Amino acid sequence: MPRSTLALKVANELGLVTLAACSKDVYLLLLTRFIRMFAYGSSTLILALYFAELGHSDKKIGLFMTLTLVGDVAISLALTAVADSLGRRRILILGALLMTFSGVVFATVSNYWVLLLAAVVGVISPSGNEIGPFRAIEESTIAHLSEASRRSDVFAWYVVFGTSGTASGALTCGWTTQALQTGGWSELSSFRAVFWVYAVVGLLKAGASMYLSSACEINRPATAPQESSTELDEHEAFLADGNTAAAPPPDKPSIGWFGARLSPRSRATLLRLCALFFVDSLASGMVPNSLVAFFMTRKFGVPEGKLGTILAAAAFVSSIGNVLASSVAKRIGLVRTMVFTHLPSAIFLALFPLPTSLVVATTLLVLRASLASMDQAPRSAFLSAIVLPGERTAVMGIVNTVKTMSQSSGPLITGTLAGSDHFWVAFVVAGALKASYDVGMLSMFVNHRIEGDTVAVRAEMARQMVV
């Protein structure tokens with residue numbers, strides 16, 4: 001095989017061909033995702049340590065994270081519900097300014113309740129994962145600008161940019177705070193310097209969002225070429241059972257739910273997905289990166305620089321796995337990719353607190369990271385294909401709201417366990433919950449096919465030929 005042909009094949013498998021053909025708006029969304037997750041990764045590393053330095057108990061730290069997530073539910077749901085009508089770009093800029101607001105307050109104030117108010121009203125990620133209205137709006141916009149058959153490629157790189165940003169933020173924060181402390185700064189002052197950076201990143205994100213074009217809005221024509229009606233008929237634009245020969249015409253949005261107008265079929269599917277995501281997100285809420293860092297510091301006495309390197313290494317490994325997610329999905333399907341990569345990571349999570357060696361614990365953490373987020377891109381492609389285009393932003397907002405609601409109780413549970421010297425139990429329970437989510441996802445959706453899932457389409461065509 002000629003080198004040029006081989007290189008093109010590899011580039012296509014990794015989604016680079018798709019990425020090269022994307023519009024300027026997609027590149028801007030990837031950039032803003034990176035810088036936002038850089039801020040989240042930097043603040044998450046020291047968030048629990050910051051409150052501990054202020055003299056707050058483990059239970060109050062867990063309570064803070066829980067109430068922060070609860071506050072995010074209301075704000076995110078409200079903003080995503082009106083994003084399409086008020087303008088997606090406006091909401092993204094508003095969210096970025098709220099990040100700046102929170103960063104300034106955390107850099108200047110010590111009062112627990114004022115910090116809590118700033119975290120609830122503004123945007124502070126207690127887990128290092130997405131918070132605020134950003135992801136729902138960005139994913140809906142990417143789906144709007146991309147062909148269905150190529151969305152998994154774009155979403156895979158969207159996840160890669162996010163994990164790379166988190167890794168870069170954790171690495172930069174860890175060594176910067178350690179260098180500042182070596183130079184004579186107190187721990188508290190070095191932590192506050194991180195929040196000043198967080199505030200500046202919010203301004204940078206707001207500035208970048210201003211350059212998004214009108215093609216990002218729902219009432220504007222997308223720049224990506226649209227599939228023909230024949231392709232839509234062959235692929236079935238919306239979720240259908242594998243035993244159904246042809247899907248009925250898409251329902252018109254007619255039912256109000258969480259402030260959104262959803263078609264009956266979208267609502268029924270969404271109910272099942274939200275039930276599964278609730279279980280998975282509860283587990284994620286119990287073991288956010290901030291509490292993982294806190295656990296490792298308490299158990300092994302790891303300094304901030306080394307801790308940042310460990311979490312950054314885990315995030316970089318996660319990025320490599322995410323690059324491969326789209327290629328795997330093209331071969332085994334979206335749902336199977338989601339489950340078969342996520343289930344082993346749940347097992348590694350349950351085993352994480354057991355080793356007495358930092359090396360073994362770090363190995364389990366990295367192994368978990370290599371697989372844990374490989375389900376994100378297929379899941380985003382899956383969600384964008386099962387609902388009507390006009391429902392995407394609202395549906396993704398609802399899904400993120402349900403996930404955040406579930407996550408909100410996790411830190412309080414873990415804080416209570418940590419306060420009674422049972423910190424390790426949180427990781428075991430979280431791993432078991434995530435495994436149960438995987439089993440449920442596989443049993444409910446493995447035989448369904450959706451737009452852009454070429455594996456499922458080919459399987460259905462083969463089944464019909466046999467019949």
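Visitor: What do buried and exposed mean here?

Guide: Buried means under 20% relative accessible area, exposed means over 50%, and partly exposed lies in between, with a 1.4 Å probe and protein chains only. Aspartate 421 is exposed because its relative accessibility is 68%. This is a predicted model, where local features need pLDDT of at least 70, side-chain atom pairs count only at pLDDT 80 or more, and totals for chains, interfaces and linings use all residues. Residues are numbered from 1 along each chain as its sequence is written, and side-chain values use heavy atoms, with hydrogens and water left out.

Visitor: Where is aspartate 421?

Guide: Aspartate 421 sits in the loop between H17 and helix H18 (423-445). Its phi is positive, about 60°, although aspartate 421 is not a glycine. Helices (H or I, at least four residues) and strands (E, at least two) are DSSP runs, numbered from the N terminus.

Visitor: How many helices and strands does the chain have?

Guide: The chain has 19 helices and four strands. Of its 467 residues, 58% are buried.

Visitor: How do I read contacts?

Guide: Contact means heavy atoms within 4.5 Å. Take contacts between residues at least 6 apart in sequence: 83% of them join residues at least 24 apart.

Visitor: Is lysine 205 buried or exposed?

Guide: Lysine 205 is buried, because its relative accessible area is 1%. This lysine belongs to helix H9 (residues 187-209). Set aside neighbours within four places in sequence, and lysine 205 contacts Thr32, Ile35, Arg36, Leu92, Ala96, Met99, Phe134 and Glu138.

Visitor: What about valine 323?

Guide: Valine 323 is in helix H13 (residues 304-332). Valine 323 counts as buried because its relative accessibility is 16%. With neighbours within four places set aside, its contacts are Leu14, Trp157 and Val160. Phenylalanine 161 is 162 residues from valine 323 in sequence, yet 10.0 Å away in space, C-alpha to C-alpha.

Visitor: How do I read a nonpolar core?

Guide: In soluble globular proteins, nonpolar side chains tend to be buried together. A nonpolar core is a set of buried Ala, Val, Leu, Ile, Met, Phe, Trp, Tyr and Cys residues joined through side-chain atoms within 4.5 Å. Here the largest such core has 113 residues, and Phe51, Phe64, Phe106, Met296 and Met441 have the most contacts inside it. Helix H3 (residues 24-53) supplies the largest share of this core, 16 residues. Beyond four places in sequence, phenylalanine 64 touches Leu47, Phe51, Phe106, Tyr112, Leu115, Leu116 and Ala119.

Visitor: How many cavities of 30 Å³ or more are there?

Guide: On a 1 Å grid over the protein atoms alone, a cavity is a set of points where a 1.4 Å probe fits but cannot get out, and lining residues have an atom within 4 Å of a point. Points are joined across faces, edges and corners, and the volume is the space filled by probe spheres set on them. The count is seven cavities of 30 Å³ or more.

Visitor: Which element gives the most to the lining of the second largest cavity?

Guide: H17 does, with four residues. The lining of the second largest cavity includes Phe277, Arg379 and Lys403.

Visitor: Where does lysine 403 lie, and what does lysine 403 touch?

Guide: Lysine 403 lies in helix H17. It is buried, because its relative accessible area is 15%. Not counting residues up to four places away in sequence, lysine 403 touches Phe277, Ser281 and Arg379. Lysine 403 and valine 279 are 8.6 Å apart, C-alpha to C-alpha, and 124 residues apart in sequence.

Key. On a 1 Å grid over the protein atoms alone, a cavity is a set of points where a 1.4 Å probe fits but cannot get out, and a pocket is an open set with protein on both sides within 12 Å along at least five of seven lines; lining residues have an atom within 4 Å of a point.
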